[in-house]
Amino acid sequence: MIKIDFKIAVFFAAAKYLNFTKAAQELNITQPAISRNIHELEINAGKSLFKRNGNRLMLTEAGKLLFEHAQRLHNTYDMLNESLDMLDGKLSGCLKLGASTTLSHYIVPKLFADFHEAYPMVKIKALHGNSQQVEEWLGDNTIDLGILEGLSNNPSMKYEAFLKDELVLVARHNHLKFKGKDHISAADLLELEFVVREQGSGTNEVLYRALSQIGVNWHNLDVRVVLASTEAIKNFLQNSDCVAFLSVYSIMKELENGELKVVDIGGFEVKRDFFFVHPQGVISGAADFFYRFAKKQFLNFRLQ
């Protein structure tokens with residue numbers, strides 16, 4: 001493996017975290033070594049790269065410029081090493097992917113397992129959060145590729161539909177309101193108590209638009225509880241008379257076990273696409289391989 005200049009690697013870690021201690025931990029060196037290499041780099045550059053504002057460490061204008069070029073250098077070295085490995089029929093490097101909650105829990109793990117089996121030399125680093133967080137990670141280069149539950153209006157990002165999903169109304173199996181019936185009208189939604197995901201969730205955005213098309217204002221729903229994850233919502237529903245809209249992928253096990261049930265809404269379906277998302281431009285390296293690998297595999301996940 002051809003490695004980037006060590007001083008550049010030290011600066012890149014320090015600039016990424018704006019914290020010398022975290023940079024030292026990532027590089028497995030001492031904090032004084034971080035300070036020494038930064039000082040030597042500043043002598044070579046003839047300019048200060050960091051400044052302090054109270055207790056906050058910040059980049060100077062020269063530091064921002066160097067950080068921008070250091071990011072490009074890291075990407076170039078990664079691509080070089082991956083290309084060298086591919087000469088031997090190998091693929092290495094690091095796949096840095098972010099996925100929104102539903103995908104990271106119920107779709108991505110199987111894809112990761114299959115990808116790892118096909119390309120065992122690739123290291124996988126995955127983060128999960130809501131759609132807004134994933135786009136922020138893409139924006140600051142924490143990850144190279146994201147998979148989201150919905151679209152946003154971010155012009156700096158490119159989106160491509162990946163997998164079909166359906167959001168369904170879910171209640172516990174013995175919910176008294178649905179005893180002896182498995183369907184309701186759209187107007188009945190206003191009589192139910194809801195548990196929903198936190199602000200920034202792609203699921204909420206999809207539901208907002210879908211409900212408005214049948215004359216139901218999202219803000220008129222009786223939202224009693226807001227939780228941070230689908231798993232938390234499922235566990236809550238099993239002990240509550242609230243209902244929730246959830247991805248059908250997320251409740252397969254609970255439906256089979258008879259713990260939760262789907263309540264049909266007459267004349268109303270919420271289907272959506274999951275999307276790959278990355279900054280405008282061409283993706284490369286392990287992220288590009290995973291992107292193409294997942295697109296070939298996704299038929300195995302398609303709803304029948």
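1. Let me start with a lysine that deserves a look. Setting aside neighbours within four places in sequence, Lys 261 touches Leu 169, Val 170, Ala 171, Arg 172, His 173, Phe 178, Lys 181, Asp 182 and Leu 255. Please keep in mind as you read that this is a predicted model. Lys 261 sits in strand β11, which covers residues 260–265.

2. Is Lys 261 buried or exposed? Its relative accessibility is 16%, and buried means under 20%, so Lys 261 counts as buried. A polar atom of the Lys 261 side chain lies 3.3 Å from the backbone oxygen of Phe 178. Phe 178 is also among the contacts listed for this lysine.

3. Stepping back for a moment, here is the chain as a whole. It has eleven helices and twelve strands. Of its 304 residues, 46% count as buried. The C-alpha trace spans about 75 × 50 × 35 Å along its principal axes. If you take contacts between residues at least 6 apart in sequence, 73% of them join residues at least 24 apart.

4. Next, helix α7, residues 131–139. Which of its residues are buried? They are Ser 131, Val 134, Glu 135, Trp 137 and Leu 138. These residues lie on the same side of α7, because they cover an arc of only 155° around the axis. As a reminder, an α-helix has 3.6 residues a turn, so residues three or four places apart point the same way.

5. What does that buried set of α7 pack against? The partners are the strands β3 (94–100), β4 (123–129), β5 (145–148), β6 (157–172) and β12 (270–279), together with helix α8 (202–212).

6. Both ends of α7 have a detail to check on screen. At the start of the helix, a side-chain oxygen of Asn 130 comes to within 3.1 Å of the backbone nitrogen of Gln 132. After the helix comes Asn 141, with a positive phi near 65°. Asn 141 belongs to the loop between α7 and β5. With 39% relative accessibility, Asn 141 counts as partly exposed.

7. Helix α6, residues 108–118, also has buried residues: Val 108, Leu 111, Phe 112, Asp 114 and Phe 115. The elements that cover them include β3, β4, β5 and β6, along with the helices α5 (101–106) and α11 (285–297).

8. Now to an earlier part of the chain. How do helix α2 (residues 20–27) and helix α3 (residues 31–45) cross? Their axes come within 8 Å of each other and cross at roughly 105°. Since angles of 65 to 115 degrees count as roughly perpendicular, that makes α2 roughly perpendicular to α3.

9. The residues that form this meeting are Phe 20, Thr 21, Ala 23, Ala 24 and Leu 27 from α2, and Gln 31, Ile 34, Ser 35 and Ile 38 from α3. Sorted by class, the contact of α2 with α3 has six nonpolar residues, three polar ones and no charged ones.

10. Finally, the loop between α2 and α3 holds Asn 28. Its phi is near 60°, a positive value in a residue other than glycine. Is Asn 28 buried or exposed? Asn 28 has a relative accessible area of 71%, and exposed means over 50%, so this asparagine is exposed. Asn 141 likewise has a positive phi in a residue other than glycine, but Asn 141 counts as partly exposed.

Notes
Residues numbered from 1 in each chain as written. Predicted model: local features only at pLDDT ≥ 70, side-chain atom pairs only at ≥ 80, totals over all residues. Heavy atoms only, no water. Buried < 20%, exposed > 50% of the residue type's maximum accessible area, 1.4 Å probe, protein only. Helix = DSSP H or I, 4+ residues; strand = E, 2+ residues; numbered from the N terminus. Arc of directions from axis to C-beta. Contact = heavy atoms within 4.5 Å. Polar contact = N/O pair within 3.5 Å; in protein donor to acceptor, adjacent residues only side chain to side chain. Axes fitted to C-alpha atoms, helices over the stretch in contact; angles between N-to-C directions. Parallel < 35°, antiparallel > 145°, perpendicular 65-115°, else oblique. Nonpolar A, V, L, I, M, F, W, Y, C, P; charged D, E, K, R; others polar.
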